[in-house]
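Notebook open, structure on the screen. I want to jot down what I look up as I go.

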Amino acid sequence: MENQLKKLTNNERELLLKAPVLISILAASTDEKIDRKEQKEAIELSHLRTFTSSPILQPFYKEVEVVFKKNLEELLHKYEPFNVTRQNLIKSELKTIYNLLSKLDDKFEKELKESLESYRKHIANVHIKFTDFFDFSNF
């Protein structure tokens, strides 16, 4: 299947490539901050997706990996502090990105949406702390 990103304008392509970063920021900022561990995990996941994602998505994730760190730094700066207002701005930008997906093949759109949802869940799970699993009140 052809590289789906070629169906988009340069601006649309750049915006779509920011989707994993925006999802990472939104998933990790529920406590209104993003620590180094969460940033590191998001960067590592962007690399892993270049070879663990569906073959149809690998060209997309290879392009994401090239710009991920730069986009992460830029968007962290843009959206700090990570309060509700800023999180809503991120959601709005993600909505715009998701609307772009209709320009792409149905199979690619479906797989990318599923992949981005799994990306969100992975980053959100990094947020869970060790003590969240145990009740130490009885000690």
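Entry 1, salt bridges. I am working from a predicted model, and I counted 11 salt bridges in it. I looked up three of them.

Lys18 pairs with Glu74, and the closest N and O atoms sit 3.1 Å apart. This pair ties together distant parts of the chain, 56 residues apart. Lys18 is in the loop between helix 1 (10–17) and helix 2 (19–28), while Glu74 belongs to helix 4 (residues 58–79). I checked accessibility too: Lys18 counts as buried because its relative accessibility is 17%, under the 20% cut-off. Glu74 comes out at 37%, so I noted this residue as partly exposed.

Glu109 and Lys113 make another salt bridge, at 3.1 Å from N to O. Both are in helix 6 (residues 106–126), four residues apart, which is about one turn of the helix. Glu109 is buried at 16% relative accessibility, whereas Lys113 is partly exposed at 33%.

Asp31 has a relative accessible area of 33%, so I put Asp31 down as partly exposed. As a reminder to myself, side chains of opposite charge can pair when their charged atoms come close.

How many residues of helix 2 are buried? I found 10 of the 10, so this helix is largely enclosed by the rest of the structure. The buried set runs from Ala19 and Pro20 through residues including Val21, Leu22 and Ser24 to Ala27 and Ala28. What covers the buried residues of helix 2? The cover includes helix 1, helix 3 (36–52), helix 4, helix 5 (84–100) and helix 6.

From helix 2, the contact uses Pro20, Val21, Leu22, Ser24 and Ile25. On the helix 4 side I noted a list that includes Phe60, Tyr61, Phe68, Asn71, Leu72 and Tyr79.

Setting aside neighbours within four places in sequence, Ile25 contacts Ile34, Leu72, Leu75, Leu76, Phe82 and Ile90.

Most residues other than glycine have a negative phi, and most peptide bonds are trans. I went looking for exceptions.

Where is there a cis peptide bond? One joins Glu80 and Pro81, with omega about -5°. Pro81 lies in the loop between helix 4 and helix 5.

Glu32 has a positive phi, near 65°, though it is not a glycine. I placed Glu32 in the loop between helix 2 and helix 3.

How values were computed:
Residues are numbered from 1 along each chain as its sequence is written. This is a predicted model: local features need pLDDT of at least 70, side-chain atom pairs count only at pLDDT 80 or more; totals for chains, interfaces and linings use all residues. Side-chain values use heavy atoms; hydrogens and water are left out. A salt bridge is a side-chain nitrogen of Lys or Arg within 4 Å of a carboxyl oxygen of Asp or Glu. Helices (H or I, at least four residues) and strands (E, at least two) are DSSP runs, numbered from the N terminus. Buried means under 20% relative accessible area, exposed over 50%, partly exposed in between (1.4 Å probe, protein chains only). Contact means heavy atoms within 4.5 Å.
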